[in-house]
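Please look over the sequence and the structure first.

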Amino acid sequence: MTMEATRYDDGTISYPGHPRSRSGAEPVETIDLSEYTAEIVTWTTSTATPPGVREPNHLAIVEFDVSDAVDDGEGVETSVRALVQLTDDEAETGDEVEPVYTEELREPGAGIREPDSQDWDGYRFEPV
């Protein structure tokens with residue numbers, strides 16, 4: 001499974017990707033963020049979670065440095081931020097974290113929707 005960010009012809013990077021950048025630029029490539037480590041910019045713990053989401057839920061805004069994946073030309077962004085779940089509460093601002101694939105990000109049987117529609121896999125992030 002990939003965690004794809006999109007780079008646009010105006011030099012911006014977005015996660016998740018969109019058909020166009022904020023300025024209307026076209027996508028030129030994708031970058032798989034699951035291959036990178038990231039730095040925690042800020043974090044919080046949510047104790048009032050939606051049905052099926054673990055409680056407490058440790059969340060962070062992380063920044064990926066993808067400079068090796070893009071040209072170092074002028075005006076080209078080399079980082080992208082994402083909101084992610086942490087594996088535990090043992091992380092601090094400035095810590096380096098890496099993605100760990102998780103088959104079930106939420107309990108499929110919890111909530112008001114059909115269990116099959118709640119089958120979500122993805123990544124949580126743990127300290128390096």
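## A buried asparagine

Asn-57 counts as buried, because its relative accessibility is 7%, where buried means under 20% relative accessible area, exposed over 50% and partly exposed in between, with a 1.4 Å probe and protein chains only. This residue lies in strand β5. Strands (E, at least two residues) and helices (H or I, at least four) are DSSP runs, numbered from the N terminus.

The side chain of Asn-57 makes a polar contact of 3.0 Å with the side chain of Gln-85. A polar contact is a pair of N or O atoms within 3.5 Å; within protein, one must be able to donate a hydrogen and the other to accept it, and residues adjacent in sequence count only if both atoms are side-chain atoms. With neighbours within four places in sequence left aside, Asn-57 is in contact with Thr-44, Thr-45, Ser-46, Thr-49 and Gln-85; contact means heavy atoms within 4.5 Å.

## Basis of the model

This is a predicted model, in which local features need pLDDT of at least 70 and side-chain atom pairs count only at pLDDT 80 or more, while totals for chains, interfaces and linings use all residues. Residues are numbered from 1 along each chain as its sequence is written, and side-chain values use heavy atoms, with hydrogens and water left out.

## The chain as a whole

The protein chain has eight strands and zero helices. Of its 128 residues, 34% are buried. Among contacts with a separation of 6 or more, 55% are between residues 24 or more positions apart.

## The barrel

Five strands form a closed barrel in the order β4-β5-β6-β8-β7, with mixed pairing. Two strands pair if DSSP finds at least two bridges between them. Strands β4 and β5 run antiparallel and are joined by eight bridges. Thr-44 has Leu-59 in β5 as its bridge partner.

## The open sheet

Three strands make an open sheet, ordered β2-β1-β3, with antiparallel pairing. Its edge strands, β2 (13-14) and β3 (27-32), each pair on one side only. Five bridges link β1 (residues 4-8) with β3 in the antiparallel sense, and Arg-7 has Glu-29 in β3 as its bridge partner.

## The nonpolar core

The largest nonpolar core has 21 residues, and Met-3, Leu-33, Val-62, Phe-64 and Phe-125 have the most contacts inside it. At least two residues of this core come from each of β4 (38-46), β5 (57-65), β6 (79-86) and β8 (122-127). Strand β6 supplies the largest share, four residues. A nonpolar core is a set of buried Ala, Val, Leu, Ile, Met, Phe, Trp, Tyr and Cys residues joined through side-chain atoms within 4.5 Å.

Beyond its neighbours within four places in sequence, Leu-33 is in contact with Met-3, Ala-5, Tyr-15, Phe-64, Val-66, Val-80 and Pro-99.

## A loop aspartate

Asp-121 lies in the loop between β7 (96-102) and β8. This residue is partly exposed, with a relative accessible area of 33%. Its side chain makes a polar contact of 2.6 Å with the side chain of Tyr-101.

Not counting residues up to four places away in sequence, Asp-121 touches Met-1, Tyr-101, Thr-102, Glu-103 and Leu-105. Asp-121 and Glu-104 are 17 residues apart in sequence, and their C-alpha atoms are 5.0 Å apart in space.
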